[in-house]
Amino acid sequence: MISNPSINWIIHHKSNNPEAIKASIMSNLEYRLAKDQYTATGYDLFLSTAYAVIERLVERWIATQQTYHKQNARRVYYLSMEYLLGKSLENSLINLGLYDIFRDALHDLGMDINTITNDEIDAGLGNGGLGRLAACFLDSMATLGIPAQGYGIRYDYGLFHQRIVHGAQVEIADNWLARTCPWEIERPEYQFKVRFGGQAGEKPDALGRKKTTWWGGEEVIAIAYDIPIPGYRTNNVNTLRLWSAKATEEFNFEYFNTGEYISACESKFLSENITKVLYPNDNFFEGKELRLKQEFLMVSASLQDIIRRFFKHNKDLRDFPKKVAIQLNDTHPALAIPELMRLLIDEYELDWQTAWDITTKTFGYTNHTVLPEALEEWPVSLIEKLLPRHLQIIYMINHDLLKEIAKRYPGNNELLRRMSIIAEEGNKRIRMAYLAIAGSHSVNGVAELHSRLIREQLLKDYYELWPKKFNNKTNGVTPRRWIRAANPALSELITEAIGDGWLKDLDQLAKLEQCADDADFQTKWRDVKFSCKRKLAEVVWNEEWIEIHPGTMIDVHVKRMHEYKRQLLFSLYIISKYLQIKENPAAARVPRTCIVGGKAAPGYDRAKLIIRFINNIANIINSDPEVNAHLRVFFLPNYRVSLAEKLIPAADLSEQISTAGKEASGTGNMKFALNGAVTIGTLDGANIEILEEVGKDNIFIFGLTADGVMELKQNGYNPRQYIEKSSHLQKVMQLIESDFFSTSEPGLFRPVYDDLVNRDEYCLMADFDAYGAAQENVEKAYLDKKRWARMSILNVARCGKFSSDRTIREYAKEIWQVGGIDIALDD
């Protein structure tokens with residue numbers, strides 16, 4: 001209940017004392033939202049609090065932008081189709097150093113800060129790891145004072161809400177903007193026209209000179225919306241600018257006047273559909289016209305905006321790379337390369353070579369996949385239809401590229417075919433990764449193994465052509481959100497032991513090593529973990545009526561649903577565990593709660609079938625009284641950032657079991673380790689570097705290596721041989737074949753069974769026994785409370801490397817050549 005606000009507060013809004021904050025909150029409630037204590041909803045209270053935070057952000061935000069302008073600083077522009085921001089209120093309060101004072105002010109007003117922060121809606125601007133990484137990078141860039149700005153799309157509908165109905169995934173539209181988003185500020189003064197279709201060719205200009213140009217087609221307006229990104233314990237507040245598509249005219253009066261009302265608005269509807277919905281990422285690229293329009297709208301509007309800003313303090317576009325560094329977050333923004341070329345040549349009349357030199361010095365490209373099928377390849381016919389001028393430019397880039405290759409490797413036509421930006425086989429396609437490499441001065445992977453696989457396999461030809469372009473930047477996560485905000489109890493314990501400097505310098509976590517064998521500290525550590533489990537149990541019970549027992553080992557596999565991430569291997573182990581309990585229910589064992597979460601792309605039928613499989617397994621195990629005291633299984637619906645913030649701190653065991661050589665990096669593995677979960681995993685992605693940091697005694701590694709997987713496939717992998725050698729695996733497969741988990745729908749999981757025994761693309765059968773042996777070692781370690789506590793502490797102490805601050809420092813020094821700028825505020 002809100003206390004009576006009828007107190008005469010006349011205090012300046014920018015002040016950070018409790019009375020000013022209370023005045024600000026209540027003023028927003030009354031004058032901005034026109035509500036009082038009787039009519040205010042929970043969301044109104046969140047909004048009034050968020051607006052009070054923004055009032056304390058704005059001065060820093062403006063000062064930051066003014067300082068960047070006055071210093072004419074070289075700026076970093078981060079182009080990404082996704083930003084998985086999650087909720088912003090708590091993180092903003094922590095970064096501004098205002099969390100405690102807002103908590104107390106809200107308490108004085110009869111409000112609870114946890115209730116207020118829980119009422120915020122997750123910003124649905126991303127699918128998973130790619131978008132969450134971008135959000136971590138924005139936090140780190142602001143914290144380090146890097147003059148940077150993010151660019152993306154303001155999707156009206158984010159990634160779908162996931163519900164589980166009769167064990168199956170059901171997608172529900174995520175209209176996250178249906179309720180006011182307090183963090184965004186519309187900037188109608190920053191709008192740019194973006195063209196699609198039309199014709200490209202030579203036309204005389206006003207002076208009669210022949211000039212290549214692009215005309216006709218349709219135009220869409222991109223309007224800017226800005227979100228402030230505050231750094232931690234700094235005055236820097238950077239900007240995330242998101243573009244929303246609007247029609248150039250609201251409706252056609254000619255149609256309207258003749259009574260054809262639908263036709264009158266049709267152009268508006270089609271234009272604004274461009275930014276309507278976020279496409280799910282299923283790791284299998286499929287060209288979609290709307291997706292191409294989204295990508296081009298984002299890069300075209302962003303580049304026009306970047307050039308506008310450049311000309312505020314600079315006159316010569318040849319100086320553009322001295323003031324601008326653009327990072328492409330995967331291939332989705334790769335159209336920025338031909339678009340910048342078009343702008344420089346067609347609009348600013350630079351010659352080809354000068355424009356190309358500017359372009360290649362400006363762009364850096366981050367690759368995020370080792371899966372060839374996930375690389376974007378747009379049909380030439382579609383590019384020709386929507387972006388005819390850009391197709392001409394891409395052909396010219398490719399022509400110059402092939403000339404360089406032919407000069408270096410004369411007579412090697414096969415190499416020319418392999419490296420051509422234009423794939424000629426079948427329907428012609430544009431290989432966007434190749435375009436990104438050709439047009440960038442830097443190409444980086446996101447983990448040591450991933451970067452090696454890029455150099456040796458995926459992009460081997462390009463590495464041999466331009467070895468100096470290629471480098472590694474291992475991913476990281478922001479400790480402000482993923483420890484301080486997500487796990488305040490652990491954060492407090494760490495700070496009590498080593499001080500709070502670790503939040504800006506995560507390497508300081510190494511000081512915890514001295515506490516690893518301290519009995520009292522281990523007891524406090526276990527108490528923190530148990531409190532996190534209780535918190536998770538409460539949240540899950542309130543949201544889903546799922547009962548989690550905090551006294552059990554919490555074993556977690558949460559990721560986007562994909563076969564290479566091997567949720568199915570985890571499921572097979574659970575079945576094996578179930579059979580062991582049925583065979584010997586009296587045996588002593590560790591009680592275990594297995595949790596799976598993740599969304600399957602709506603068109604990814606196999607991933608959706610695996611979700612049904614997991615839920616059917618859970619129904620049988622959880623309803624069996626002989627088993628459910630020892631083993632319980634739950635699929636948590638609608639996995640998202642805010643749920644991860646509850647789940648990750650509660651985990652004892654982190655399942656990072658992807659097929660070796662398939663995961664680029666992973667950042668979930670880092671978040672779990674930094675919250676004291678012990679990893680069971682393959683030598684894949686950043687798992688390798690976690691192993692190097694924490695030591696082999698503090699992680700459970702199993703299975704084939706990336707080279708082992710390749711050798712197995714080359715020698716003719718036969719999964720049946722592994723089934724025949726494993727009695728445990730035989731029993732598991734027999735249950736699936738006999739429809740034990742689908743008695744009411746015989747044959748439902750036959751496709752899963754047939755694929756595993758005949759093909760097994762992701763080597764589950766080959767790794768099954770090694771996985772089971774590793775799980776046995778997990779149980780032995782977990783039974784020794786002191787050993788497990790020590791392992792958990794050392795995982796945190798030795799994972800300071802995995803801060804996104806470290807990653808951004810490397811980008812800033814080695815790719816962008818920028819430093820931090822301190823922001824001073826007026827008294």
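Is arginine 452 buried, partly exposed or exposed, and what is its relative accessible area? Arginine 452 is partly exposed, with a relative accessible area of 22%, where buried means under 20%, exposed over 50% and partly exposed in between (1.4 Å probe, protein chains only). The structure is a predicted model, in which local features need pLDDT of at least 70 and side-chain atom pairs count only at pLDDT 80 or more, while totals for chains, interfaces and linings use all residues. Residues are numbered from 1 along each chain as its sequence is written, and side-chain values use heavy atoms, with hydrogens and water left out.

Arginine 452 forms a salt bridge with glutamate 456, the closest N and O atoms being 2.9 Å apart. A salt bridge is taken as a side-chain nitrogen of Lys or Arg within 4 Å of a carboxyl oxygen of Asp or Glu. Both residues belong to helix α17 (residues 448–458), where a spacing of 4 residues corresponds to about one turn of the helix. Helices (H or I, at least four residues) and strands (E, at least two) are DSSP runs, numbered from the N terminus. Glutamate 456 is partly exposed, at a relative accessible area of 41%. Elsewhere, salt bridges with shared partners join Arg187, Asp226, Arg241, Asp305, Arg308 and Arg309 into one network.

Over the whole structure, 63 salt bridges are found. One of them is between the side chains of lysine 22 and aspartate 108, at 3.3 Å from N to O. Lysine 22 lies in helix α1 (residues 18–32) and aspartate 108 in helix α4 (residues 99–108), so this contact ties together parts that are 86 residues apart in sequence. Lysine 22 counts as buried, with 8% relative accessibility, whereas aspartate 108 is partly exposed at 44%. A further salt bridge, at 3.7 Å from N to O, is made by the side chains of glutamate 349 and lysine 211. This pair links distant parts of the chain, 138 residues apart: glutamate 349 is in the loop between α11 (336–347) and α12 (352–362), and lysine 211 is in strand β7 (residues 210–215). Glutamate 349 is partly exposed, with a relative accessible area of 47%, and lysine 211 is partly exposed at 25%.

Strand β11 (residues 363–366) is covered on both faces, with Phe363 and Tyr365 buried on one side and Gly364 and Thr366 buried on the other. Two strands are counted as paired if DSSP finds at least two bridges between them. Strand β10 (residues 324–329) runs parallel to β11 and is joined to β11 by 4 bridges. Strand β15 (residues 442–445) also pairs with β11 in the parallel sense, over 3 bridges. Tyrosine 365 stands opposite leucine 328 and has valine 443 as its bridge partner in β15.

A separate description applies to an open sheet of 3 strands, which has the order β12-β14-β13 and antiparallel pairing. Strands β12 (377–379) and β13 (422–423) stand at the edges with a single partner strand each, so one side of each has no neighbour in the sheet. Between β13 and strand β14 (residues 429–431) there are 2 bridges, and alanine 423 stands opposite arginine 429 in β14.

Valine 165 is located in strand β3 (residues 158–165) and is partly exposed, with a relative accessible area of 40%.
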